[in-house]
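Subject: Structure for you to look over

Dear colleague,

I am passing on the structure we talked about, and below it you will find my notes on what turned up when I went through it. Please read them with the coordinates open beside you.

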Amino acid sequence: AGCSRATGRDASSRARRPGVANANAGDGSRRRPAPRRGRKRRHVIYRALVLAAAFGAACQSASGQSWRTVESARRLRDSSEHRVRVRYGAGRIEIGATSSPVLYAMTIRYDETTSTPLHSYDSTARLLTVGVEGQSDRFSRNFGDKSKGEMRLSLSRSVPVDLSLALGATKATLDLGGLDITALQLESGASETVVDFSTPNQGRMRTLAADIGAASFEARNLA
C-alpha cells in the first residue's frame with residue numbers, strides 16, 4: 001500500500017526501449033574533462049592582470065597628481081606704468097622681456113589637484129597679477145625636476161613696470177635686461193635665484209629690495 005510498481009506490460013515495453021547510441025562506441029574512447037594545465041594557466045594570467053591593474057591604481061593614487069599646461073596673454077593697450085605681481089610657490093620660473101605687442105605672455109605647467117593658476121588684470125589700477133596659488137614646497141622635496149611645475153613669463157619692453165615677486169621653493173632665472181623696471185621687490189624662500197640685467201634697464205629704477213630666506217641668490221650686471 002502507498003507504493004506503485006510497473007505492470008508486466010510496462011516492464012516489457014521498457015525492456016524493448018532502445019538506448020541512446022554512444023558516438024564513441026566504435027573506437028572505445030571516453031569523454032574526458034579539459035586538461036587542468038590550461039585552466040591553471042588561464043587562472044595565473046588572470047591573477048597577474050588583476051595585480052597589475054591594482055598596482056597601477058595604487059601608484060596613481062599615491063602620486064595624486066594631474067598636470068596641465070595653460071597659456072595666457074594680454075594685448076598691449078596702455079603703455080603707462082603698470083604694477084606686476086608674481087606669486088609662485090614651487091618649481092621653475094623664468095622671466096624675460098618681449099617685443100611683441102602684448103603686456104605679458106605666460107605659460108604655466110601646474111598640478112591642478114593642488115594649484116590654481118593666477119592671471120588677473122585690473123585696468124583701472126593698471127595691476128597685473130600672475131602665477132600659481134595653492135602650491136607647497138613639498139613638490140621640491142618629493143619630486144624630480146621633470147615632475148615640478150614650470151612658469152615662463154614675458155613682459156613688454158614698452159611698459160614701465162613696478163615688479164614684485166613672491167617666490168617659494170623655486171629655481172628662478174630672472175633676466176630683466178631690456179625691461180623698464182621702475183621698482184623691484186623680491187621675496188624668496190628656499191630657492192635658487194639668479195637676477196640678471198643682461199642689457200641695461202631702460203629707465204631709472206627707484207627702489208630695489210630683496211628679502212632672501214634659506215636660498216642661493218646671485219645678482220648679475222647691476223652696475
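The model is a predicted one, and across the protein chain the pLDDT averages 78, with 65% of the residues scoring at least 70. Among the elements of the chain, strand 6 (residues 150-156) has the highest mean pLDDT, at 97, while helix 3 (residues 138-142) has the lowest, at 42. Two stretches call for particular caution: over residues 23-27 the pLDDT stays under 50, and the model has one contact for them beyond four places in sequence, while over residues 57-62 it likewise stays under 50, with zero contacts beyond four places in sequence. Where pLDDT is low, the predicted coordinates should not be read in detail.

Turning to the charged side chains, a search of the whole structure finds six salt bridges, and I describe three of them here, taking each pair with its surroundings.

In one of them, the side chains of arginine 68 and glutamate 112 meet with an N to O distance of 3.7 Å. Arginine 68 belongs to strand 1 (residues 67-75) and glutamate 112 to the loop between strand 3 (102-111) and strand 4, so this pair ties together parts that lie 44 residues apart in sequence. Both partners are partly exposed, arginine 68 with a relative accessible area of 42% and glutamate 112 at 39% relative accessibility.

Another salt bridge joins aspartate 78 to arginine 126, whose closest N and O atoms are 2.6 Å apart. Since aspartate 78 sits in the loop between strand 1 and strand 2 (82-98) and arginine 126 in the loop between strand 4 and strand 5, the pair ties together parts that are 48 residues apart in sequence. Aspartate 78 counts as partly exposed at 22% relative accessibility, and arginine 126 is partly exposed too, with a relative accessible area of 31%.

A further salt bridge is formed by glutamate 81 and arginine 206, with the closest N and O atoms 3.3 Å apart. This pair links distant parts of the chain, glutamate 81 being in the loop between strand 1 and strand 2 and arginine 206 in the loop between strand 9 (192-196) and strand 10 (207-212), 125 residues apart. Here glutamate 81 is partly exposed, with a relative accessible area of 34%, whereas arginine 206 is exposed, its relative accessible area being 53%.

Next, the backbone. Most residues other than glycine have a negative phi. Arginine 126, already mentioned for its salt bridge with aspartate 78, has a positive phi of about 50° although it is not a glycine, and the loop in which it is found runs between strand 4 (116-122) and strand 5 (127-133). Asparagine 221, again not a glycine, has a positive phi of about 55°; this asparagine is found in the segment after strand 11 (216-220) and is partly exposed, with a relative accessible area of 48%.

Lastly, the aromatic rings. With ring centres required to lie within 6.5 Å for a pair, the count comes to zero aromatic pairs.

With best wishes

Conventions. Residues numbered from 1 in each chain as written. Predicted model: local features only at pLDDT ≥ 70, side-chain atom pairs only at ≥ 80, totals over all residues. Heavy atoms only, no water. Helix = DSSP H or I, 4+ residues; strand = E, 2+ residues; numbered from the N terminus. Buried < 20%, exposed > 50% of the residue type's maximum accessible area, 1.4 Å probe, protein only. Phe/Tyr/Trp six-rings, centres within 6.5 Å; stacked < 30°, edge-to-face > 60°. pLDDT = per-residue confidence, 0-100. Contact = heavy atoms within 4.5 Å. Salt bridge = Lys/Arg side-chain N within 4 Å of Asp/Glu carboxyl O.
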